[in-house]
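Please look over the model below before reading the points.

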Amino acid sequence: MEKAFAQAEELADTVKEYVNTRIESIKLNTVEKGSGIIATIIAGLLVAAIFLFFLVFCSIAVALVLGDWIGKPWAGFLLVAFLYLVTGIIIWFARVKIIQLPIMNALIKQFFSDGYEED
């Protein structure tokens, strides 16, 4: 009888150890996935900021060229602003297809990847 209790106690300790190990494994996996997603978001924001600076300087150059060509500097800036307005309206109406779905798919792909594939 004592042998059965000892084996049951040993089995219980083994199960507790397994559960604790499994919980730690899940925690580590979650932290790994979360940090990967955060790193991807930060890298994307950095690239977007650099692209934004590029776009601003190009816009100013185009506005100055258009203003010089038209003869009125304010008209060049007005044309560039109108171009941005039209682009913004188009992006707004297509935002689900061109922004939300690709971002959601990329985050889901990264969350469920093994982390060993290189893109």
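1. Which element of the protein has the lowest mean pLDDT, and which the highest? Helix α3 has the lowest (86), and helix α2 (residues 73-93) has the highest (94); pLDDT is the predictor's confidence in each residue, from 0 to 100. The protein averages 89, and 96% of the residues score at least 70.

2. This is a predicted model, in which local features need pLDDT of at least 70 and side-chain atom pairs count only at pLDDT 80 or more, while totals for chains, interfaces and linings use all residues. Residues are numbered from 1 along each chain as its sequence is written, and side-chain values use heavy atoms, with hydrogens and water left out.

3. Helices are DSSP runs (H or I, at least four residues), numbered from the N terminus. At 1.5 Å a residue, the 18 residues of α3 should span 26 Å, and the 24 Å between its end C-alpha atoms agrees; the expected span is 1.5 Å times one less than the number of residues.

4. There is one aromatic pair (ring centres within 6.5 Å; planes under 30 degrees apart are stacked, over 60 edge-to-face, the rest tilted). The ring centres of phenylalanine 51 and phenylalanine 54 are 6.3 Å apart and the planes lie at 35°, so the pair is tilted. Both residues lie in helix α1, three residues apart, about one turn of the helix.

5. In α3, a kink of about 25° lies at leucine 101, shortly before proline 102. The bend is the angle between axes fitted to the seven residues ending at a residue and the seven starting there.

How values were computed. Helix = DSSP H or I, 4+ residues; strand = E, 2+ residues; numbered from the N terminus. Phe/Tyr/Trp six-rings, centres within 6.5 Å; stacked < 30°, edge-to-face > 60°.
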